[in-house]
Structure formats: structure tokens, C-alpha cells
Amino acid sequence: MEFVKNSTITLMTRMFVFICAIVVSVYIARFFGPEAKGAYSLLIQTTSILILIGMFGIDNAVVYSLSHKESLMKVYSNILSYALLIGLVMF
């Protein structure tokens, strides 16, 4: 039953984010015109690509570490240090 609950929460969250993205896109297109919509799309895509490149598989490493009973604080500290380092490099 927990699986169904978590799946429903995930689905509803994704639907909410999708609807918010549509609303923002329509708002930008209506009030700022096509030029601003293009700039907004470029900004979103550039950010998405940088996040994809910057992840370097850290999400898979976290799942692997947690499945092998690593200390939660150790995993958190590794993620935080990695995120700070990559954030400074990409900035």
C-alpha cells in the first residue's frame, strides 16, 4: 500500500510541475512576447544541460551507497561537498 501512496504523490507532483510550467510559458508568451519566450526557453535548456553534465552519476551513486547500508550522514556529507564543488566550478 505504501508503494501506491508514494506513486500517487509522485504522479501528482509531476502533474503540478507540468501545469505550472505551462502557466509560466503562456504568461511569458502573452505578456512579454515571442522574443522573451525564446530567451526563457534558452535559459531553461541551458540550465537543464548544465545540471545533466554536472550530475556525473551522483544520483546513481547515492542509491548504490544507501542500498549498501552506508551511513546516512556520510552520504549527505559527500553529496554536500560534491554539490558545493561542482556549483563553484560551474558558476
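Student: Why is Ile49 called partly exposed?

Tutor: Ile49 has a relative accessible area of 48%. Buried means under 20%, exposed means over 50%, and partly exposed is in between (1.4 Å probe, protein chains only). So Ile49 counts as partly exposed. Bear in mind that this is a predicted model, where local features need pLDDT of at least 70, side-chain atom pairs count only at pLDDT 80 or more, and totals for chains, interfaces and linings use all residues. Residues are numbered from 1 along each chain as its sequence is written, and side-chain values use heavy atoms, leaving out hydrogens and water.

Student: And what makes Phe31 exposed or buried?

Tutor: Phe31 comes out at 61% relative accessibility, so Phe31 counts as exposed. Phe31 lies in helix H1, and Ile49 lies in helix H1 too.

Student: Which residues form the nonpolar patch on the surface?

Tutor: Ile49, Leu50, Ile53, Phe56, Leu85, Val89 and Met90 form that patch, with about 710 Å² of accessible area together. Helix H1 (2–55) and helix H3 (72–90) each supply at least two of the patch residues.

Student: How do you know whether H2 and H3 are roughly parallel or antiparallel?

Tutor: Look at the axes: those of helix H2 (residues 58–67) and H3 come within 10 Å and cross at roughly 170°. Angles under 35 degrees count as roughly parallel, over 145 as roughly antiparallel, 65 to 115 as roughly perpendicular and the rest as oblique. H2 and H3 are therefore roughly antiparallel to each other.

How values were computed:
Patch = residues over 30% accessible without salt bridge, like charges linked within 9 Å, V, L, I, M, F, W, Y side chains within 5 Å. Areas by Shrake-Rupley, 256 points an atom, 1.4 Å probe, with all protein chains shown as cover. Salt bridge = Lys/Arg side-chain N within 4 Å of Asp/Glu carboxyl O. Helix = DSSP H or I, 4+ residues; strand = E, 2+ residues; numbered from the N terminus. Axes fitted to C-alpha atoms, helices over the stretch in contact; angles between N-to-C directions.
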